[in-house]
Amino acid sequence: MAKSSEKKSEKEKIPSKLPLLPVRDIVVFPHMVLPLFVGREVSVKAIEKAISGKKLVLLAAQKSLDVEVPKPEDIYAVGTVGTIMRMLKLSDGRIKILVQGLSKAKITSFTKTTPYYEVAIEKIEEPLLSEVTPEVEATVRAVKEQMEKAIAFGKFLMPDVVALIENLEDPSRLSDLVVSNLGLKVEVAQDVLETLDPVERLKKASEILGKELHVLIMQQKIQSEAKGEMDKVQREYFLREQLKAIQKELGETDDRSEEIQEFREKLVKAKMPKKVEKEASKQLRRLERMHPDSAEAATVRTYLEWMVEIPWSKQTKDRLDIVAAKKILDEDHYDLERVKERILEFLAVRKMKSNLKGPILCFVGPPGVGKTSLGKSIARSLGRKFVRMSLGGVRDEAEIRGHRRTYVGALPGRLIQGVKQAETSNPVFMLDEIDKIGTDFRGDPSSALLEVLDPEQNNSFSDHYLGVPFNLSNVMFITTANQVDPIPLPLRDRMEMIELSGYTVEEKVGIAKNFLLPRQLEGHGTTPEAVQMTDAALENIVTHYTREAGVRNLEREIGHVLRKIARKLAEGKNKKTRVTPENLSRFLGIPKYMPETEREGDQIGVATGLAWTPTGGDVLQIEATLMAGKGALILTGSLGEVMKESAQTALSYIRSQGKALNINPTLFSKNDIHIHVPAGAIPKDGPSAGITMASALASALTGKPLRGDVAMTGEITLRGRVLPIGGLKEKILAAKRAGVKTIILPKRNEKDLEEVPKHMQKGLELIFADGIETVLKTVFAKKTKTRKKAAPKSPRRSPKGSTRSAVV
């Protein structure tokens with residue numbers, strides 16, 4: 001009773017208004033003694049006010065640590081009234097105070113905000129326990145035991161605090177003392193402060209202490225594991241050193257000595273050139289002196305592994321049987337006589353001279369004509385290993401020359417990697433897509449290839465990683481490209497260009513019959529007995545379902561047919577299927593393409609021209625029409641500047657020959673002339689559409705129809721001369737694929753027919769024109785033989801997704 005009255009008299013001394021001291025990162029509990037450093041101006045003023053009075057101040061925690069000047073809403077409403085026991089002014093302007101918590105209080109309002117916070121408070125009376133129940137006593141004991149365990153697992157507490165906890169029996173005092181010494185987050189400690197029921201507050205303290213104990217146990221476990229790992233490493237190190245000493249005394253060798261000896265044996269076996277062997281031996285001596293676990297030792301070890309695994313002197317023996325080589329080339333590829341002849345010539349010279357340097361060939365042609373597969377056949381015919389490296393999109397010079405060993409993760413260039421992969425120093429090395437090599441800030445790979453593809457320099461090719469020369473002169477380099485123009489001129493000069501044009505319909509049928517169909521039958525798990533595809537069906541696929549220079553889409557369409565047949569065989573519906581032109585649409589749907597001559601009959605103002613594209617030749621319809629106007633020339637169809645000039649030239653010539661062609665002169669002044677090349681999304685340019693445009697204009701102005709079965713190519717001058725063109729072989733192939741029977745060519749291209757195989761010219765009437773008069777005489781349809789417009793066999797389509805540019 002005496003204690004209760006003493007507390008009551010103490011609380012009666014607390015005034016209803018007190019200066020407020022906002023504290024950060026801590027919650028002050030009653031009976032708690034702690035030092036505080038006060039530096040904010042508003043807090044310093046509050047301390048000075050408290051010192052001048054009863055030395056009482058309200059200590060309330062801030063909700064956020066980051067707020068430098070807290071507002072009333074940034075401060076918790078419940079705090080602790082504390083008395084300032086000592087105060088010391090520091091040299092930096094701050095004040096150090098020692099405060100003791102007296103009792104809890106709640107802020108009811110802020111009575112003053114400047115120059116310090118003054119608040120009206122309401123004293124919080126804590127309920128007293130009438131009796132100590134067994135549950136309360138058990139909770140008190142549990143909290144004390146948990147605190148002992150926490151101290152045992154490394155939680156540091158002052159000895160006098162530990163003694164005080166052991167002797168406390170009051171739940172309220174015990175919970176406040178425990179929570180205030182755990183270093184909890186502000187929001188957790190504030191929740192305990194605001195809990196008024198002593199038993200409930202003690203239970204919360206027990207729960208918080210349990211979580212803290214779990215964290216301490218995990219922390220000690222991690223520390224013990226880390227210490228154990230360190231002890232294990234140290235123990236292994238000392239044991240390893242002892243083992244080395246014992247082995248040294250016994251005359252035995254360790255793993256490191258065995259590794260060094262193994263490298264020495266491999267260096268001898270590799271039969272390196274003297275300069276290379278000298279560098280490798282030097283690095284081996286460095287490795288021998290290094291600590292085995294150092295990072296530099298790992299770098300040197302990797303370098304030596306590359307040096308001993310590269311085939312410095314190992315070569316495969318060339319198969320110099322020319323008859324057998326020709327047989328292998330014929331087995332793998334249809335036609336391509338010029339390429340085969342070049343390979344056989346190399347073999348013949350190689351047979352006569354053993355130290356012949358490898359040739360550097362460049363196969364140029366549209367996709368799907370067999371450039372890459374031809375390289376494999378060459379390697380097979382020579383009996384050499386084959387390595388392929390794609391240069392498409394390569395922009396880093398290090399891809400060719402390798403990285404310097406100073407970089408982390410450095411490796412040799414892909415050329416040296418390919419030679420190592422081949423396990424021989426004279427493989428057939430294919431550099432694919434050399435026309436698509438790039439360049440950026442990391443270097444110019446095409447310039448690095450100049451050394452690689454020069455027979456006079458590549459006998460001492462220097463890779464940045466190896467740092468020693470490597471002889472690439474025995475490697476047979478073969479490059480491929482779709483176009484010659486993107487290849488830099490110095491690089492182009494180092495290669496022997498061999499052009500691979502597209503295939504005719506007959507050649508495609510032969511390729512499909514002998515190569516594609518057997519491969520697809522095997523790939524789809526079917527047999528020739530179960531599937532029979534006639535030559536006529538294959539020809540129908542070529543002409544009506546594909547339009548390409550190569551045979552990739554042809555193989556894809558054959559696979560499409562076989563998948564449908566394989567499904568029927570799997571379902572047990574058919575045992576044998578025969579594919580003919582009559583039932584082909586059941587497998588592939590309606591035809592995608594049809595020959596130009598079937599699509600167009602004899603028409604006025606429509607001429608058939610021939611164009612060259614990166615994927616082979618193509619056929620273009622050039623249309624011309626008249627309409628009322630003032631003599632303007634309208635050009636549409638994504639035409640380039642050269643084609644626009646050709647149109648102007650053709651129109652000027654036709655106007656100059658208006659009298660000879662029986663053209664009314666008023667037509668030019670009273671009409672606009674529109675020339676259009678269909679497929680406007682595809683860019684078109686080039687100097688070979690002149691005679692085609694002139695023919696279309698002459699037809700539109702005279703009203704005479706042009707033959708639909710005649711295609712032409714050639715440039716025109718103002719005097720009516722027909723100039724020569726390029727891409728002759730590709731254009732003849734395109735005309736033959738389209739079913740054209742008559743082709744008008746420039747007279748000066750007659751000599752170039754030697755490059756076109758005889759079987760490609762079969763069935764074609766080739767007319768060579770020196771002037772436009774010959775062209776018009778041939779292309780105008782005779783009235784007695786005017787053909788009717790053929791009905792289309794299927795909807796007119798253009799190749800899906802076609803974005804290639806045409807050069808006419």
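This is a predicted model: local features need pLDDT of at least 70, side-chain atom pairs count only at pLDDT 80 or more; totals for chains, interfaces and linings use all residues.
Next I looked up the two faces of the strand. In a regular strand, side chains alternate between the two faces of the sheet. On one side of β3 I found Leu56, Leu58 and Ala60, and on the other Val57, Leu59 and Ala61; all are buried, and both faces are covered.

Which strands pair with β3? Strand β1, residues 17-23, pairs with β3 in the parallel sense, over four bridges. Here I noted Leu20 opposite Leu58 of β3. Strand β4, residues 78-89, runs antiparallel to β3, and four bridges join the two. In that pairing, Leu56 stands opposite Thr83 of β4.

Then I turned to the rings. How many aromatic pairs does a search of the whole structure find? It finds four. One that I looked up is Phe110 with Tyr117: the ring centres are 5.6 Å apart and the planes are at 80 degrees, so I wrote this pair down as edge-to-face. Are its two residues buried or exposed? Tyr117 is buried, with a relative accessible area of 8%.

Last, I checked for charges over rings. The charged end of Lys63 sits over the ring of Tyr76, 5.9 Å from the ring centre. I also found Lys420 over the face of Trp306, at 3.9 Å from the centre of that ring.

Key
Residues are numbered from 1 along each chain as its sequence is written. Side-chain values use heavy atoms; hydrogens and water are left out. Buried means under 20% relative accessible area, exposed over 50%, partly exposed in between (1.4 Å probe, protein chains only). Two strands pair if DSSP finds at least two bridges between them. Rings of Phe, Tyr and Trp (its six-membered ring) pair if their centres lie within 6.5 Å; planes under 30 degrees apart count as stacked, over 60 as edge-to-face and the rest as tilted. A charge sits over a ring if NZ of Lys or CZ of Arg is within 6 Å of the ring centre and within 35 degrees of the ring normal.
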